[in-house]
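Subject: Structure for you to look at

Hi,

Here is the structure I promised to pass on. Please open it next to this email and follow along as you read.

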Amino acid sequence: MSNFDLVVIGTGPGGYVCAIKAAQLGLKVAVVEKRATHGGTCLNIGCIPSKALLHASEQFEEAEHSFEGMGIKVGKPKLDLKAMLAFKDKVVDSNVTGIDFLFKKNKITPFHGTGRIVSAGRVEVTSAEGKTETVEAKAIVIATGSDVVQLPGVEIDEKQVVSSTGALTLEKVPGKLIVIGAGVIGLELGSVWRRLGAEVTVVEYMDKILGPMDGDVSKSFQRILKKQGMEFRLSTKVTAVEKKGKQVAVTVEPAAGGEAAAETLEADVVLVAIGRRPVTAGLGLEEAGVALDERGRVKTDGHYQTNVAGIYAIGDVIAGPMLAHKAEDEGVALAEILAGQAGHVNYGVIPGVVYTSPEVADVGKSEETLKAEGVDYKVGKFSFMANGRAKAMGHTEGFVKVLADAQTDRVLGVHIIGHGAGEMIHEAAVLMEFGGASEDLARTCHAHPTMSEGVKEAAMAAFSKPIHA
């Protein structure tokens, strides 16, 4: 029997960050991880490997289409997919071994196996060999993350019909790829294989891509992706996916129903990317009396505690956006709370990024949300077509949009499509964290020439007029 102040079940971004922060604050900490490596979905089969392939495929496309125009003659690039996947695996290995180092540095005790909460204060860990041991702790944190949502009646074999996991390990570039779901994961992985040579069709139930993202951004981004070669079937539902030898037949029909006949689309590979669900099965939550909500998420109070004293939850298993950085911030906040401090997360200022090319990033509210809430707002917009650095790099697609309160000028939302949007969004997040106005942002000196000048110009457009438009 091992005794700790805190045991964290799951070592994804939320879990490992919570553990490290708690250890830094003086708590005796243990972690339980069912995988052979730490880092959860994000580092092993999600965020990190997908970004490695996004970067590699973007470099491949740049070499093929952009180099000659800049006076760089290298000939037609050849794809070595096996080597590209090995590069991705090397990136993953570097990240997960980094977590091992941090655990050792902070004197965190790792347990490898499946964790099950026996009761408040007790976690039973079962190893892959079937050996069990009990870990006792004053506090237990559930940080088990999420898994892919299955399409009813569709079997994922990770070869022809794949989830995001299988889409990272395809042995060859598919001739035709159908992506079911136009969310972040579907568009990112679809864009990887499109750049490497696949014909990509995205089937989406809703009438827009990227779900809740700002409508203006969604429409503009869809046009950009279509120009790149991706096809879209919006307001369309999938009724069947059937493997037929080396082909996969996808039956679709209008989402609204009606008289229109069903249609069959064929592909070499189908990627199912319709969302993610919290992982709570097998944790002993029902036996321990931990309450779940109607969507299977763990219910928590304002301090991440469940209805059972001493049992907490963070990340994808609780309400809120399923984002690694949201989980990390919750991990830090909870560690501070357990150490007697005042941990807090501002859920109104959590940026979101789509790591395509160009990137899409946002923070705060969309125009649709502001209209629904009856907020009187103003819009400032600036195109990267008028940005000197964007022209110099050949990345002029996209824009920055700043939404500010019409009376107070306080910035309520910022939306960016453009090269490096995921990096630029953070100055907006910092501004909003301090309740800043569009004039504050517009009067802050930005280095020239930079893409970030587009953010300044959009802010100028919100409170007055931009210079370069």
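Cys47 is partly exposed, at a relative accessible area of 29%, whereas Cys445 is exposed, with 71% relative accessibility. Here buried means under 20% relative accessible area, exposed means over 50%, and partly exposed lies in between, using a 1.4 Å probe and protein chains only. There are zero disulfides in the structure; a disulfide would be a pair of cysteine sulfur atoms within 2.5 Å.

Before you go further, note that this is a predicted model, in which local features need pLDDT of at least 70 and side-chain atom pairs count only at pLDDT 80 or more, while totals for chains, interfaces and linings use all residues. Residues are numbered from 1 along each chain as its sequence is written, and side-chain values use heavy atoms, with hydrogens and water left out.

Now to the strands and helices. Both are DSSP runs numbered from the N terminus: helices are H or I with at least four residues, and strands are E with at least two. Two strands pair if DSSP finds at least two bridges between them.

Start with strand S1 (residues 2-9), where you will find Ser2. Ser2 is partly exposed, with a relative accessible area of 22%. Contact means heavy atoms within 4.5 Å, and beyond its neighbours within four places in sequence, Ser2 touches Phe111, Thr134, Val135 and Glu136.

S1 runs parallel to S2, joined by four bridges; Ile9 has Val32 of S2 as its bridge partner. Strand S2 (residues 29-33) has five of its five residues buried. Val29, Val31 and Glu33 lie on one side, and Ala30 and Val32 on the other.

Strand S4 (residues 114-119) is antiparallel to S5, with five bridges, and the hairpin they form has two residues between the strands, where Gly121 takes a positive phi near 95°. S5 is also joined by five bridges to strand S6 (residues 132-142), again antiparallel. In that pairing, Val123 has Val135 as its bridge partner.

Another sheet is open, with three strands in the order S12-S13-S14 and antiparallel pairing. Its edge strands, S12 (236-244) and S14 (263-267), each pair on one side only.

Next, look at helices H3 (residues 47-65) and H6 (residues 184-195): their axes come within 9 Å and cross at roughly 35°. Axes are lines fitted to C-alpha atoms, for helices over the stretch in contact, and angles run from 0 to 180 degrees between N-to-C directions. Residues that make the contact include Leu53, Leu54 and Phe60 of H3 and Leu189 and Val192 of H6.

Finally, helix H14 (residues 453-463) has nine of its eleven residues buried. Among them are Val455, Met460 and Glu457. The buried residues of H14 pack against strands S20 (377-383), S21 (399-405) and S22 (411-418), and against helices H12 (421-433) and H13 (438-442).

Enjoy exploring!

Best wishes
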